[in-house]
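This report describes selected local features of one protein structure. The sequence and the structure come first, and the notes follow.

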Amino acid sequence: MKKCLAVLLSLVLLPCLVGGEEAFLLPSKQIYDRYGAPIRGFLSARNTYYLPVSLNEVSPWLIAAAVAAEDKRFFTHSGVDVAAILRAAWQNTTAGEVVSGASTITQQLARAVEPRPKTFWGKTREAFSALKIERQMTKEEILEEYFNLLELGNLTQGVEAASRFYFNTQAADLSLSQSAFLAGLAKSPTYYNPLKHFSRALKRRDWVLKKMLDNGFIDKEMYALAVSEQLELRSAARPFDAPHFTRLLEPLLPPDSQEVSSTLDKDLQLYAEGVVKNYISHLSEQNVTNGAVVVLENATGAVLAYVGSADFYNAQNSGQVDGARALRQPGSALKPFVYGLAFERGSLTPASLILDEDTFFEGGFRPRNYDENYHGWVSARRALACSYNIPAVKAAELSGTFNLLALLRRAGFTSLTKPADFYGLGLALGNGEVRLLDLTNAYAALARGGVYKPVLFATTPIIRAPGRETRLLTPQASYLVTDILADNNARAPAFGLNSPLSLPFPFAAKTGTSKDYKDNFAIGYTARWTVGVWVGNFDATSMQKVSGITGAGPILHDLAIYLQDKYPSGPFSVPEGIVRAQTCLDSGLLAGENCPHTQESAFDRAHLPGICSGRHKAFSTRLKIVSPTDKDVFKIDPSVPLASQAVKWAAECTEDKCTWVLDGKKHPGSSCQNWWPLQEGKHTLSVSCHGESASLAFEVLP
């Protein structure tokens, strides 16, 4: 009796005791692809799926069911139902245990806002809060908050999240039977969990419908129809797709964002994930464990696919590391920007000849070509297409490392934070660390004619990477680079005619392999989309002779075929100022009447070379022995094993296929570079290539 009086007294004194403010819960974020397919949902701060809705977006049947089941005098009491309290107290006392509760909807809302222990004083404070809520809010506002904060099991909070999860429908479209079903879960979401105890939940639904009938909310016919309805759980999927992409996107979203339309194409995403996983598994014996992919839409900069690793769930290979944003050395993948800058400045044209020979640069930098050979005089076109290192460094030297670094930073390579002197000319060969996402977006700038755009991640709301749209290179310089990268014949000497970069539609591509085979890249683009691929290991261990063409290249090839089918792309747009003309292969100038070896090339009209006079044949042959030189004398060192003493034979030949003859005997092989063990005596050496020949004499002393 004293306990009952204490409860009544505390209710009377409530206005003097209430304090504090209501909690504010941000919605959980639901991310969709560009076509509306769900990708991933993020939990709210309470670790629930929470999708707030207004009261007019809740089915009237659900409102009636909740009131009938939980609080039939909701619209008449002031927050606490004294009659229900007395009834519950009598029933519990008579039964000797708790068999009935008396919490109103308003009290349940107070509990959802601020959970309290189910003690006497906890329930008393809950009642205080309920009375305060009733003074501050209308009944409609209370119902709206109640329906939004109600926890209905399986991490669902609010009737909208529950409606979508259990019935794959919106709360506004719930039927009478479905409404009674959800209202019944409120009493104990665990005990009535439909996924585990469906029969219990159905019995509870029938009980709620009977309450609605008894209270006059429905008639007998409606009751009979609702009870007989065969409910089927059509649980909405809670996908966990594109985990690296959604983990990148989620912190960029405004706090109150709820339903997010990303730029991703879910079907393309799943295909890309499958391709990466498949190829990486095939390369496992060559110590390859991971790969990453970024696909961009050129016109907008939108991300179409984003694969951060071969298997997100593979802890052994650090699958949760995001390879699209990991810092890696790009190798030759930066060379297009080296040549693009030289073309823009007019220091080179695609036809300009560059001597590919053993060269020491400033600071003792002595780069080697990937194939360990030198190719003599080569055009810039061939040097870029075949990815020769020494010509690329010479091209960078023409523009200057400072200017090259400035261009790369404008292109979005924010990871290149060191001064130009730190990188030196090695920057042209990728000695700085970059992200695949940034690299792919820089190539997309080439695809759109030299204009850089920050990457776009979502359209509702609009979410972009930091930065602003800016021009990197002239349209003409960008096109010249694209024209070279799309020329399968130009890269054939290095990669063959049937490499993974060869596709049956206009497609510009470049590979890159870092030192010791720790990383390899393949980037390709059409006029419509750009694909970037990385293959390697997150622990930075070396792969076993896996290059960009053999590692990342096949993944790029398959993705390009898929993309061309889904997002067809046409030829590259040719900007004004681009002209095509015959060039002299012997001079790199426009071909004259006396030039026997010519080839068509594209040029920027603003930087056209002069016309060749044809006199180059009078002073130079296209075939030349560069090592040894005529009348060289070598001496055998008795302190060094004879097997370790050799002289290098090297010839400049446009065909890279030479026939060597020493002292009248043909030397085996067809390489233009060989190491010959020293043999005492006087020797004559000749080489022939493409119908031309050259010869010299040298001597080896004992």
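## Helix 21 and its ends

Helix 21 is followed by Gly496, whose phi is positive, near 85°. Helices (H or I, at least four residues) and strands (E, at least two) are DSSP runs, numbered from the N terminus. The model is predicted, so local features need pLDDT of at least 70 and side-chain atom pairs count only at pLDDT 80 or more, while totals for chains, interfaces and linings use all residues. Residues are numbered from 1 along each chain as its sequence is written, and side-chain values use heavy atoms, with hydrogens and water left out.

At the N-terminal end, helix 21 is capped by Asp487, which has a side-chain oxygen 3.1 Å from the backbone nitrogen of Asn489. Helix 21 spans residues 488-495, and its buried residues are Asn488, Ala490, Arg491 and Ala492. Buried means under 20% relative accessible area, exposed over 50%, and partly exposed in between (1.4 Å probe, protein chains only). The cover over these buried residues includes helix 15 (380-385), helix 20 (475-485) and strand 14 (508-513).

## Nonpolar cores

A nonpolar core is a set of buried Ala, Val, Leu, Ile, Met, Phe, Trp, Tyr and Cys residues joined through side-chain atoms within 4.5 Å. The largest one has 86 residues, and those with the most contacts inside it are Leu249, Tyr306, Tyr339, Phe343, Phe413, Tyr443 and Phe457. Helix 19 (residues 436-447) gives the most to this core, with nine residues. Apart from this core lies another, of 50 residues, among them Leu152, Phe167, Leu182 and Ala201.

Contact means heavy atoms within 4.5 Å. Leaving aside neighbours within four places in sequence, the residues in contact with Phe457 include Phe245, Leu248, Leu249, Leu252, Val303, Leu437 and Ile463. Ser262, Thr263 and Arg464 are also among the contacts of Phe457.

## Helix 9 against helix 10

Helix 9 (residues 176-185) and helix 10 (residues 198-214) pack with their axes 8 Å apart, at an angle of about 110°. The two helices are therefore roughly perpendicular to each other. Axes are lines fitted to C-alpha atoms, for helices over the stretch in contact, and angles run from 0 to 180 degrees between N-to-C directions. Angles under 35 degrees count as roughly parallel, over 145 as roughly antiparallel, 65 to 115 as roughly perpendicular and the rest as oblique.

From helix 9, the residues that meet helix 10 include Leu176, Ala180, Phe181 and Leu185. On the helix 10 side, they include Phe198, Ala201, Val208 and Met212. The residues of this contact divide into 11 nonpolar, two polar and two charged.

The peptide bond from Thr460 to Pro461 is cis, with omega near -5°. Pro461 is in the loop between strand 11 (456-460) and strand 12 (462-464). Another cis peptide bond joins Ser627 and Pro628, where omega is about -5°.

Pro628 is in the loop between strand 19 (624-627) and strand 20 (632-635), and Lys631 lies in the loop between these strands too. Lys631 is a residue other than glycine with a positive phi, near 70°, and at 68% relative accessibility it counts as exposed. Asp516, in the loop between strand 14 and strand 15 (519-525), has a positive phi near 65°. With a relative accessible area of 46%, Asp516 is partly exposed.

Definitions and conventions
A polar contact is a pair of N or O atoms within 3.5 Å; within protein, one must be able to donate a hydrogen and the other to accept it, and residues adjacent in sequence count only if both atoms are side-chain atoms. Ala, Val, Leu, Ile, Met, Phe, Trp, Tyr, Cys and Pro count as nonpolar, Asp, Glu, Lys and Arg as charged, and the others, Gly among them, as polar.
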